Amino acid sequence: MNTSFQATRPASGPFLIGDVAALRDKITHLPPRWARRWQRFLDEARTGVRTPRWYAGEPCDRQLHGAFAHLVTGLPEFADIARADFLDMVENLPLTLLVGNQDHDTWIYAAALARRAASLDWVWDAPRDRVVPAAGNVFSPAEQTRLADHFITEALKYTCIVLEHRVPPHTNNQGLAMALDCVITGYLFGVKRGDDPRARHLLEFGIPHLTQQIALLPPGGYSGEGSTYIFNVADPLMALASAVLEEMSGTDWYHREFWPNRNSPARVVELDPKLIPPSGLLPAWDQHGYHLQKAGTACAYAAHRSGDSAAYQHFLVGPGWEFSGRFAWMDDDHVWQWIWMPDPRHAPATDAGGAALTCYPRSWHETRVGGALLDRGRQLHLFQMWDISTTRPVRLHMNPNSLLLEAWGSVLTVDGNATQGYPLDEDPRMQFIHLYSAQPKIQSWSAGSLGSHSVIWIDGAIEHCPRRAGYENLPDQTPTGFLRRRVDEDSFQLLSAEVAMFYRDAYDLTSMIRNSALFDNAFWVVLDQIRAESAHDFTWQLVLRAGAVATPYGARLTTAEHVVLDVVNLDPVPTELHDIAGYPSLLEKRCHHLRKTRHGSELEFLTVLIPQRARVEVADWSQGWHGAWLARDAAPLAAEALLRPLGFEDTPYGQPGQDLWLRRRCAIPAGSGPWLLELPPPNALELWIDGTQIPVPAPEVSKDGEQSLTPYFINVTAALAGKVSAEITVRIRPGRNLGCTGSVKLHRSVSVPGPLVERLSADRVRVRYGAIDRSIDLNTLRTAPEPLPSLAPEGEDPRAAARELIASVLPPAAPRPLVWDGDAADRGRACVLAARQPLALVEEPLLARLQDEDWLVRMLAIRALGTLRCTHAVPRLCRMLREETPERINAPDYAPKYRLKEALVHALADIGDPAVALDLVAAMKDAGFYGVRRIIPGAIQRLGVAEAIRELAAWTSDPDGETADACRRALASLPPETKPVLV
């Protein structure tokens with residue numbers, strides 16, 4: 001691990017780029033495969049197509065491509081593209097606001113603005129043509145001023161105010177996106193490229209939020225948002241956050257560990273590469289799971305900051321690049337990968353043992369999150385999770401010690417979300433209250449129920465609400481499990497995790513440990529140990545993929561990829577196999593629940609899981625293809641067609657409306673079938689053998705947009721019968737610019753005998769199948785229960801770190817006049833500056849600005865009057881508060897929406913006049929927007945009026961969790977004898 005950090009960026013260099021010369025050298029001397037990817041990147045930059053909703057827009061919306069291409073090449077064509085992109089963003093703002101959703105999805109807008117601002121710095125004062133500097137710069141001074149004002153005002157109007165109603169500050173991808181926008185915009189236009197007071201205000205406001213986005217994650221740094229959001233939203237933003245903090249400070253922030261959980265950016269982003277299993281499918285750790293697409297930014301940054309290129313292997317030598325390109329609602333993932341990825345010329349091709357590197361996955365663990373066992377051949381993968389679990393729908397799952405298994409690229413257990421049309425109203429497990437809904441809404445039980453995971457239930461209760469973690473995620477209040485033991489030996493790997501903490505608020509459970517072991521790099525054994533103070537019914541469940549049947553020993557699963565999993569039950573109770581149609585939404589849209597129940601207060605569950613291939617590879621035809629790109633309506637590929645060397649890896653490199661046709665003559669091995677032809681996913685394809693079309697199952701697009709997730713295995717026995725060679729033709733219809741992952745191979749289908757597994761005694765098991773004959777001492781798996789470790793908060797104070805950074809980054813502002821009669825930007829600057837002046841000098845002009853024609857100026861004046869504690873303003877502010885009715889706020893033609901109302905609440909709390917407490921209670925009843933209700937309880941609490949605080953009891957069960965939490969905290973401030981009784 002590279003724990004040292006040296007600031008290599010020249011003070012005036014392009015933002016976040018580091019060594020520009022090294023970057024240009026890396027891209028200029030790319031090996032052939034990467035050179036082709038760079039040329040495609042430049043072609044994408046040249047498209048010049050932009051939609052009005054450029055953030056979270058269409059795949060053609062690649063705003064950073066032009067600026068980055070110019071940074072690297074210095075060519076005027078890219079200068080013109082970048083210039084047009086930025087100016088169009090400003091000129092089309094009214095249309096963007098009309099078609100966007102900035103009021104409710106502000107973080108999406110903020111995430112894009114933050115990266116756009118960063119890329120503006122790359123071309124800010126760059127010559128249009130690096131070879132001919134006399135051609136002028138990309139932007140004129142007037143255009144620079146216009147662009148800077150745009151980024152500042154958008155951050156003030158949208159990002160800043162929404163981030164401020166996240167009370168108390170807490171971590172998720174949304175808060176991180178908004179904090180980044182405030183900090184990047186504030187730094188660039190308040191320090192590096194100017195000294196605008198509004199930008200400096202954004203920087204001062206944003207830095208403490210940004211440090212807390214690191215600090216307030218749950219223990220272990222996993223946000224609880226699932227693998228899809230980890231890769232494609234949260235962790236790329238965390239990589240950017242680390243880079244921004246290091247850019248501003250010139251010091252190491254990547255490894256700094258913060259209170260209360262000692263989380264650091266390194267801990268967060270370095271989880272990403274560990275999560276990629278051999279199949280390349282993201283774990284179904286959420287309702288979106290099993291994505292082939294994954295952003296590479298966090299993996300590239302982990303490799304860059306750790307100095308270990310292995311973190312980037314899935315993208316460097318695997319299929320990752322062709323399945324990446326987008327994160328956090330914009331198509332700039334490849335830009336950041338170019339910046340941080342290891343130089344392909346110098347990355348090692350083999351591991352420490354001399355084996356060829358294929359991708360990064362290996363056995364690992366994170367103490368309060370999860371872990372994985374991977375065999376030495378990188379084919380068998382067990383993922384066990386004991387992370388933060390809640391009943392809240394969407395991305396957090398209730399999965400204490402759940403298991404996900406795959407073998408030879410074939411998914412064996414499933415998780416995720418129900419299909420569209422699933423009969424939710426007929427299943428009591430589906431009834432949940434949506435987080436922001438005033439009325440109950442039906443949600444999938446995949447998130448909020450033990451009933452859909454490979455876990456253990458108690459007394460048949462699949463719904464269970466554990467003690468909720470606070471927004472600070474204090475280590476002793478966050479319902480996660482703990483790793484107790486890990487073994488990593490050649491023939492024996494083990495993960496042991498304790499999850500009793502999850503159940504303890506509802507049951508007298510003292511210990512629940514799952515010991516998952518991999519023996520001989522061949523099969524798994526799962527031993528669950530349970531202890532409770534009284535006897536209960538404990539139900540053990542494994543959620544198998546479709547294709548399972550009951551057997552005398554448990555169940556046998558045969559997957560579409562011809563992989564067999566035998567589940568052998570070694571407990572003195574029978575198993576039940578339940579067919580579940582409509583779940584999950586991917587793969588076969590069906591699964592099987594294998595269950596067994598035991599009664600007692602101290603017991604074990606013992607299960608052996610044996611994966612085997614029901615196929616034998618006989619030929620590898622992955623290379624040697626020739627083909628052509630043809631129009632989608634073209635006739636089948638003719639023999640005389642002009643062919644050239646092409647392969648399945650070329651799938652993303654065609655033009656819209658074209659199909660890739662590939663042809664290869666293949667020698668058929670001797671022997672008889674049945675023959676299986678393996679073809680790589682995920683694109684729709686058609687197959688011909690010697691001119692005869694062979695049926696191929698059509699991939700069904702899921703509601704998350706994915707297609708075929710696992711390889712096609714086509715029975716071609718009849719087509720190859722009696723042949724010594726055959727001409728194979730494949731037509732691929734690329735979807736969403738996805739590449740192909742996998743191989744083209746011929747297999748022989750084989751039968752797989754059942755295993756012989758015997759429990760010889762209470763402590764010994766014998767496993768026999770194929771060449772395996774293994775005797776297992778169960779005491780090597782058992783883990784003794786222990787008291788929980790010390791859970792005191794640890795780490796550096798994030799607020800103190802923020803204060804130090806602000807002091808080092810923000811030099812004292814130069815005196816400047818307050819221009820009250822200039823344009824809106826001048827008047828806004830005057831309001832911000834006035835907040836640092838004596839009240840007597842600025843009270844009158846600030847009060848006058850409450851009637852300003854520009855609502856942002858009005859908002860800044862309101863906040864300044866609050867900061868200065870202007871008591872004369874209280875009657876006017878209260879009147880304005882009453883005028884901001886729900887009807888006004890929600891009117892489509894009212895630009896400020898809820899923002900002025902929130903500013904008024906903050907200002908009245910800052911002034912501190914107790915007489916306004918009941919006005920705030922009235923505003924609580926007539927809020928018009930959930931963000932207003934989130935901040936009013938804190939304002940009333942600050943005023944300390946007991947009568948008003950007690951009025952908040954009505955909202956302690958509000959469907960909006962943050963509102964309810966704020967009301968509870970305010971009520972907790974009352975003396976015990978005056979608190980109302982909460983139901």
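Helices (H or I, at least four residues) and strands (E, at least two) are DSSP runs, numbered from the N terminus. This is a predicted model, where local features need pLDDT of at least 70, side-chain atom pairs count only at pLDDT 80 or more, and totals for chains, interfaces and linings use all residues. Residues are numbered from 1 along each chain as its sequence is written, and side-chain values use heavy atoms, with hydrogens and water left out.

**View 1. The largest cavity gets lining residues from β3 and β4.** On a 1 Å grid over the protein atoms alone, a cavity is a set of points where a 1.4 Å probe fits but cannot get out, and lining residues have an atom within 4 Å of a point. Grid points are joined across faces, edges and corners, and a volume is the space filled by probe spheres set on the points. The whole structure has four cavities of 30 Å³ or more, and the largest holds about 100 Å³ of space. Look for Pro277, Tyr290, His381, Phe383 and Glu406 among the residues of the lining. Sorted by class, the lining has nine nonpolar, two polar and one charged residues (Ala, Val, Leu, Ile, Met, Phe, Trp, Tyr, Cys and Pro count as nonpolar, Asp, Glu, Lys and Arg as charged, and the others, Gly among them, as polar).

**View 2. The second largest cavity takes the largest share of its lining from α10.** Here you have about 90 Å³ of space. Of its 15 lining residues, Leu217, Ser223, Ala234, Asp235 and Val268 are the closest to the centre. α8 (173–192) and α10 (226–249) each supply at least two residues of the lining, with four coming from α10. The class tally is eight nonpolar, five polar and two charged residues.

**View 3. Arg305 and Glu246 form a salt bridge.** A salt bridge is a side-chain nitrogen of Lys or Arg within 4 Å of a carboxyl oxygen of Asp or Glu, and a search of the whole structure turns up 63 of them. In this one, the closest N and O atoms are 2.9 Å apart. The pair links distant parts of the chain, with Arg305 in helix α13 (residues 297–306) and Glu246 in helix α10, 59 residues apart. Are these two buried or exposed? Arg305 and Glu246 are both buried (buried means under 20% relative accessible area, exposed over 50%, partly exposed in between, with a 1.4 Å probe and protein chains only).

**View 4. Arg376 and Asp490 form a salt bridge between two loops.** Their closest N and O atoms are 3.5 Å apart. Arg376 sits in the loop between β2 (370–374) and β3, while Asp490 sits in the loop between β9 (482–488) and β10 (492–498), 114 residues apart. Arg376 counts as partly exposed because its relative accessible area is 41%, and Asp490 is exposed because its value is 60%.

**View 5. Cys160 is in no disulfide.** A disulfide is a pair of cysteine sulfur atoms within 2.5 Å, and the whole structure has zero. For Cys160, the nearest cysteine sulfur is that of Cys182, 5.0 Å away. Cys160 is buried, since its relative accessible area is 8%.

Methods: 1 Å grid on protein atoms, 1.4 Å probe; cavity = no way out; pocket = protein on both sides within 12 Å on 5 of 7 lines; lining within 4 Å.
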